[in-house]
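Dear colleague,

I am handing over the structure below, together with some notes on what turned up when it was examined. Please read the notes with the structure open beside you.

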Amino acid sequence: MKNNSMLKYTLIRLRRNYLALFGLFILILLVVCAIFAEQLAPYGYAQQDYMMIRKAPSALHWFGTDEFGRDILSRIIYGSRVSLQVGLIAVSISLVVGGLIGAISGYFGGKLDMLLMRLMDIQMAIPTILMAIVISSVLGPGLFNLMVAVGITYIPKFARLTRASVLSIKDQEFIEAARAMGASHKRIICLYILPNCAAPLIVQSTLSVANAILFAATLSFLGLGIQPPYPEWGGMLSSARPYLRNNAYMSIFPGLAIMFTILSLNFLGDGLRDALDPKQKR
Amino acid sequence: MSETLIDIRHLIKFFNVSSGLLHAVDDVSLTIPRGKTLGLVGESGCGKSTLGRVIIGLIKETGGEVFFNGEDATKFNAEKRAEFRRHAQIVFQDPFSSLNPRMSVSQLISEPLIINKTCKNKQELDAKVAELMDLVGLASRLTTSFPHELDGGRRQRIGIARALALNPEFIVLDEPVSALDVCIQAQVLNLLADLRESRGYTYLFISHNLSVVRYVSDEVAVMYLGKVVEKADNSTLFKEPLHPYTQALLSAVPIASVGPKKQRIILEGDVPSPVNPPQGCRFAGRCMYRQEICTQQTPDLVEVAPNHFVACHCTGHLVRHA
Amino acid sequence: MSENKDILLDIRDLSVQFNTDSGVVKAVNHLNMQLERGKSLGFVGETGAGKTTTALSILQLVQTPPGEITGGEILFNGQDVRKMTEAEKRRLRGGDVSMIFQDPMTSLNPIMTVEEQITEMVQLHLNLKGEAARQRAIEMLRLVGIRPERAKDFPHQFSGGMRQRVVIAIALACRPQLIIADEPTTALDVTIQAQVLELIKKLQQSEKTSMLLITHDLGIVAETCDTVAIMYAGHLVEYADITSLYTTPKHPYTQGLFNAVPTLESPLGSRLAVIPGLPPDPTNLPKGCSFSPRCPYAQPICHEKACGMREVAPGHFVDCHFPLTPESGNKFLERPGKEAE
């Protein structure tokens, strides 16, 4: 729905939050890295140089090299592509599926609501890492399957959030007005309810992207998901583990990349939450 | 065309709540003449809002019939109900929550037209929206504005324009001016009066504000705990109220003038709950004329004078409180 | 305003503004007002006129930021509230000055019994402890018509009218010198409103408390107050005792208000006189008199220069270059009632 005023207003309020702006800046940096990795990275991500194995940061290799002589800076830049893809696609899956489940559940109520929510409860009772491992094992290794696995684990969270929003909006008079005009259920859900749920979902999505990236890194660390030589920050951390004592930089840089990404997304998410909250008096 | 547009017969609406059965509307029979305004007054919990919504089919009735132009609206199938919707619309009380915050003014007014497929193309739609905005006094520059940018009076005008979009014959106005400031209230009331004069709408005007109801209505019905306790012509009801509740209600309204103060009837106790109401006359607990029969038998609504109906056992012995 | 009256509250040249995203909202502009001890003042105006902000300023409860008191003094018993220390302000709030808010459901603590809410107050301000505090609580509840057996009930167990009575009991518990009631009966049914107003009037007279009653309802003011102050766009436009104002209103806005409201006595079939247009944007108040754009009696000077409050009859003050006289007639009724655009 065209909502120029909400966007404008949110941006004005967001501008005042320096942490959120910092987060936005880092995020833009990451997106640029992901899109223009080929142009920005000084070396290929799989480019090995046996003369330069485990070299500390220098003018030639700003972040040093790993155990195969690959430039760490380049691998981190390419790695951003993976992380962002995982985050965005995983959250998209959970947002769409979870949102739909929550909307239908909240709107229709009754037995359907009970059934769907108990299914969500069952899923939430299973530890997420375990579930992701199972799904990954079933689907097999690879980037796409990793995204699906992560996405599935977040469905209940989005379902509950959407359901709560829908319940609070459902009893407002403008919904009654829509019914008085003869609007169908589909129209009411799509044009009246979901657009008004946007705010909490936007905030949750931002925070979930951060979580998804961390989660993907964890899974890669455990050896699932992304397979070498394709760079993924978690995987880089994992392979750097044996060399922690003497070549700490091999762990530090991927770790910093993860940290800054998560931090920036969290700052942005918090800032959005404050900016979108109509009750904030500022 | 007959003179009676709406004929409500023994309408009942009960809700199942955790503490029992809520008698929102309990055996209400009323008629509304074409082109006239019936004012419906009562305090919170009396069922007036529920009654309005049941009449236009927004809430399903538990029992009884609603005749619209001679046809029983409660028995309509989906197709006839869609048609009925075009003839009977509603304006809500709260201009803040009755408009979708994510839709612009033109989108809000177009909604009924789009849903009911009244216009053939976009030009026709835009033209109709412009016509409606002009009708209710909204400037054309507001087409792309959103509700939160506008004040209560303008928002309520949007609500009215929306209700008029399908050119209905009958409009339920549920406390349309209660949430508005005094001066804006006057503007909107004048608008409603003008529309009725020029277009011949029939109104059911629901309000707890007696002065406003007196200003707009031709006939007035007073509700208490789901029942109609008195119904009469506007002037008759306000000059010679017969039901003790009506008398107390009228005497409770503060008067904006100095001078000798009238004797106030102060009712004891609180408005009772419509859940599992007491046997006999619902008002007996607070009534100063209470007799034995009042707590045993529910009084019927009887015509005690031409077009003056009262539901009270003691009508014959009552002296109007000066 | 003469000096030989016993003035309890003296507001001098008060100005309050709010710094918001859309501009500076001038909520209260150079307000001058006095309230005598033991009397009640009706404070009338529409939404946004600045009544609640003034009331909150007296108790120094205006949220700062975004609010800001930019000028003036608020003298309570001769002492400027703005210059009080935090400790003195705490003694003021609830002790010397109590406030009754509009919505009894949100102004009562839902997890404390009504007795506890009163004892909390008396312990704080009157230094009563234990059983003495409890006795005072029961006494107050009885005063407002609530049986002692209900003292240990929670707010949600009471109806709207009874909750408002509890609020009144809390407000009176510490024998305040001034009660500020902000639309105390707007949320109540009309028959309950009548009960609560009777109660307030009775208690005010018996306890000899002064009262500042904020409302938009001229009927309520006529029934309960001694003097009236009319506010428009943050300015005080008219101030007089009840009889003067209701028989001879002198400000065009006041006349407009009286004519815009239907009453049980207005002739049937008459049309409501409408004040054309809308209240001004508080971030962009008009030059000169803030009511002039809508005033049917406006002359060129009104758009140029504001007038300021002046005494045009004994005890009757108006902020208008051309106060109404009986010969002025009623220009609101002559107009066909132009709508807002």
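**A covered helix in chain B**

Helix 9 of chain B, which spans residues 244-252, is mostly covered, with eight of its nine residues buried. Please keep in mind here and below that this is a predicted model. The buried residues of this helix are P244(B), Y245(B), T246(B), A248(B), L249(B), L250(B), S251(B) and A252(B).

**Where chains B and C meet**

The contact between these two chains takes 38 residues from chain B and 40 residues from chain C. On the side of chain B that touches chain C, the elements giving two or more residues are helix 6 (182-199), helix 7, helix 8 and helix 9 of chain B, and the largest share, seven residues, comes from helix 6 of chain B. Sorted by class, that side of chain B has 22 nonpolar, ten polar and six charged residues.

**A buried strand in chain C**

Strand 8 of chain C (residues 210-215) is largely enclosed by the rest of the structure, because six of its six residues are buried. In a regular strand the side chains alternate between the two faces of the sheet. In strand 8 of chain C both faces are covered, with S210(C), L212(C) and I214(C) buried on one side and M211(C), L213(C) and T215(C) buried on the other.

Strand 8 of chain C pairs in the parallel sense with strand 3 of chain C (residues 40-44) over five bridges, and there M211(C) is the bridge partner of S40(C). Strand 8 of chain C also pairs in the parallel sense with strand 7 of chain C (residues 178-182), again over five bridges, with L212(C) as the bridge partner of I180(C). Strand 7, helix 7 (residues 190-207) and strand 8 of chain C together make a right-handed β-α-β unit.

**The nonpolar cores**

The largest nonpolar core has 204 residues, and those that touch the most other members are A161(B), L204(B), A169(C), L212(C) and A229(C). The largest share of this core, eight residues, comes from helix 6 of chain C (residues 160-172). Leaving aside residues up to four places away in sequence, A169(C) touches I118(C), M140(C), L141(C), L143(C) and V144(C). A second, separate core of 53 residues includes Y78(A), L84(A), A159(A) and F253(A).

With best wishes

How values were computed
Residues numbered from 1 in each chain as written. Chains lettered and ligands numbered in written order. Predicted model: local features only at pLDDT ≥ 70, side-chain atom pairs only at ≥ 80, totals over all residues. Core = buried A, V, L, I, M, F, W, Y, C linked by C-beta atoms within 7 Å. Buried ≥ 20, exposed ≤ 12 C-beta atoms within 10 Å, placed from the backbone. Helix = DSSP H or I, 4+ residues; strand = E, 2+ residues; numbered from the N terminus. Contact = placed C-beta atoms within 7 Å. Pairing = 2+ DSSP bridges. Right-handed = clockwise from strand over helix to strand, strands pointing away. Nonpolar A, V, L, I, M, F, W, Y, C, P; charged D, E, K, R; others polar.
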